Amino acid sequence: MAETRFGKAIGQALADAMRDDPDVVLFGEDVAVPGGPFGVTRGLLDAFGPERVRDTPISEATIVGAAVGAAIGGLKPVVEIMFMDFCGIAMDAIVNQAAKARFMFGGQCSVPMVLRTPHGAGVGAGPQHSQCLEAWFAHIPGLRVVCPSNAADAYGLLRTAIDHPDPVIFVENKSLYAAKGDLPENAGPIPLGRLRVAREGADVTVVAYGAAVGTALTAADALAADGVSAEVLDLRSIQPWDEAGVLASLAKTHRLVVVHEAVEAFGVGAEIAARMADVGFDELDAPIVRVGAPFMPVAFAPNVEAAYLPGAAQVAAAVRRTLE
Amino acid sequence: MARNAKGGDAASAADRDVELLELYRRMLIVRRAEERLSQMFADGEVPGFIHLSIGQEAVPVGVCAALRLEDTLASNHRGHGHALAKGLDLERFFLEVMGRAEGVCGGRGGSMHIADMGVGMLGANGIVGAGLPIAAGSALAHQVRRTGGVAVAFFGDGAMAEGTLHETLNLAALWHLPMLFVCEDNGWGEFSPTSRQFTGDLIALAGAFGIDAATVDGNDVAAVARAASKVVAAARDGCPQVLRCVTNRVHGHYEGDPQRYRDPADLETLPNHDPLRRCAAKLGADDVAKVTAEVEDRIAAAVAAARAGTEPDIARARADVYSPCEAAHG
Ligand SMILES: Cc1ncc(C[n+]2csc(CCOP(=O)(O)OP(=O)(O)O)c2C)c(N)n1
Ligand SMILES: [Mg+2]
């Protein structure tokens, strides 16, 4: 067990995947010589050379389009889009090319590529560098969407994503890059679609992913002091998400709160709530409550940004609503 | 005005050989297949909408004559010629365009998304300009995996205004990709002449990125084939190339488009520039008749077989959204 930063664990997963498989290549803006805008890919150019680790021009549409062509051609490209907000420019390559190729060509090929991209507010980056847009991608048949909450999961999920035959959107909350966590020495791949019980509890189930898992755990600590036992589930992957795992926990607690940093409206939480209201209807003792950001862009001013981010107090309040 | 670039070499003795007859045969397959599709579309036998490349056959046939099986190409919405010239099976072509389960894409793609990975045809594309970066990625795979292959992007003059062309030219030059850009310059993007859409000049644009570019008479199949063998060889060595082929779109943008926006006088001159007619003029009449009979038989057989195709089913289609090894990967 070694203590590792979240960003470092991602770099480690990339290095191990490149060492294990010569078809893994890496490209994106500033990922090679500069080592990545957040330092995640530092050292990879030296370790694997300029053929496999490449800086690209500032051409998001072409970065992702080229990843599609490279993946069909037998490589396993891992590309980086510097901020999730920039995916707008690459949306055609993601939605109409990567996600569709396998289906529309009748299963003739798959597109084994990973698109790594940071999301999330809290660093003063303002409206165009802070968004959590994962619901866009979870809505597209053909894509996988992963969002780890800690270093060990980031490592294991990224190893799986790189070996995955289909395109995976790998979302990294930028506020987590410096967070420390344990990375087991013999860490291996973690399957997609299986949640992790981050904290066991009996009274209410709190589902979260990414940085919101930490928020949920903080809330669970506060609730415990009041005698409320919250079970915190870390989804790990959003598409597919572990419906059976959430349902099993709901069958135990009979109450459900879903938390994410993305805006609440039309989000991942809405899908989970809708499914549980259907398949979990008989288990529910209270309305399902969602906690997400308000329906507004992220503001630059630190106080407004702080107020925007869903916090532990909101999660605790949502839990209390389910207990009324 | 009908379009013919200067530089089409005068007929030489070398043109009148078996090779030219073979190029003619390949063009005729595309022509007759599309004429057949036009009729089948009018009869309601082909659903959706289709874009025919009648009048432009010399470009895919001439370029693909310079390609190997392992070379790859990314196409656009007008992709029948690219698919057939790269070697896609005729019967599975008709089956696909008719939306049949036995089609090369299981009826999932149809005319606008037809692909055959087995012959390096990476797909027609419903999105203007989207094939360019895909070809660049394919070229990257050729480069990194040392396949010795070249990737070709076929795009129309309408795609010159898309950012992906400009981005991909830059990337190809920057990374010395084994890539060929082929512009099928038919003067039109849907219902608007390119002159009202684009103020640039492709040759100068390529030059701005340090990429060699040439214009060829895209209605002269031998000239296209000659130019292609030169630029494909250079691309194979890691010098990306641009080849602009000047040609004519004879039918409407899509089948059923009455082309009211075109000058009737221009349309009347188009037969003079027909790549098949021009090629046939250099061949012996007996050879042409023999090839014609052979091609017509092949088309008739392919269509008859395709008519026996079955309807695809939705459960099978749903199963192809993700890879089957999904379980192993969670
Ligand atoms: C991104 C995008 N924008 C617009 C269209 C609609 N569209 C289809 S074909 C076409 C014209 C393309 O012209 P060109 O590239 O010259 O090809 P041509 O049809 O002449 O062969 C347009 C605008 C599209 N399919 N994709
Ligand atoms: Mg055109």
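**Group meeting: a sheet, an interface and a helix**

I begin in chain A, where A:Leu26 stands opposite A:Val53 in strand S3. Strands here are DSSP runs of E with at least two residues, and helices are runs of H or I with at least four, numbered from the N terminus. This is a predicted model, in which local features need pLDDT of at least 70, side-chain atom pairs count only at pLDDT 80 or more, and totals for chains, interfaces and linings use all residues. Residues are numbered from 1 along each chain as its sequence is written, while chains are lettered from A and ligands numbered from 1 in the order in which they are written.

Strand S2 (residues 24-28) of chain A pairs with S3(A) in the parallel sense over 3 bridges; pairing requires at least two DSSP bridges. Both belong to an open sheet of 7 strands in chain A, ordered S3-S2-S4-S5-S7-S6-S12, with mixed pairing. S3 (53-55) and S12 (237-239) of chain A are the edge strands, each with a single partner, so one side of each has no neighbour in the sheet. From one strand to the next, the twist averages 20°.

I turn to the two chains. Their contact takes 40 residues from chain A and 39 residues from chain B, contact meaning that C-beta atoms, placed from the backbone, lie within 7 Å. Which helix gives the most to the side of chain A that touches chain B? H3(A) does, with 9 residues.

Helix H3 (residues 60-72) of chain A meets helix H6 (residues 163-174) of chain B, their axes coming within 9 Å and crossing at roughly 70°. Axes are lines fitted to C-alpha atoms, for helices over the stretch in contact, and angles run from 0 to 180 degrees between N-to-C directions. H3(A) and H6(B) are therefore roughly perpendicular, the term for angles of 65 to 115 degrees. On H3(A), the contact is made by A:Ala61, A:Thr62, A:Gly65 and A:Ala66; on H6(B), by B:Gly163, B:Thr164, B:Glu167, B:Thr168 and B:Leu171.

Finally, helix H8 (residues 212-225) of chain A has 14 residues, which at 1.5 Å a residue should span 20 Å; its end C-alpha atoms are 20 Å apart, so the two agree. The expected span is 1.5 Å times one less than the number of residues. Among its buried residues are A:Val213, A:Ala216 and A:Leu223, buried meaning 20 or more other C-beta atoms within 10 Å of the residue's own, with C-beta atoms placed from the backbone. Just after H8(A), A:Gly227 takes a positive phi of about 85°.

Note on methods: Parallel < 35°, antiparallel > 145°, perpendicular 65-115°, else oblique. Contact = placed C-beta atoms within 7 Å. Buried ≥ 20, exposed ≤ 12 C-beta atoms within 10 Å, placed from the backbone.
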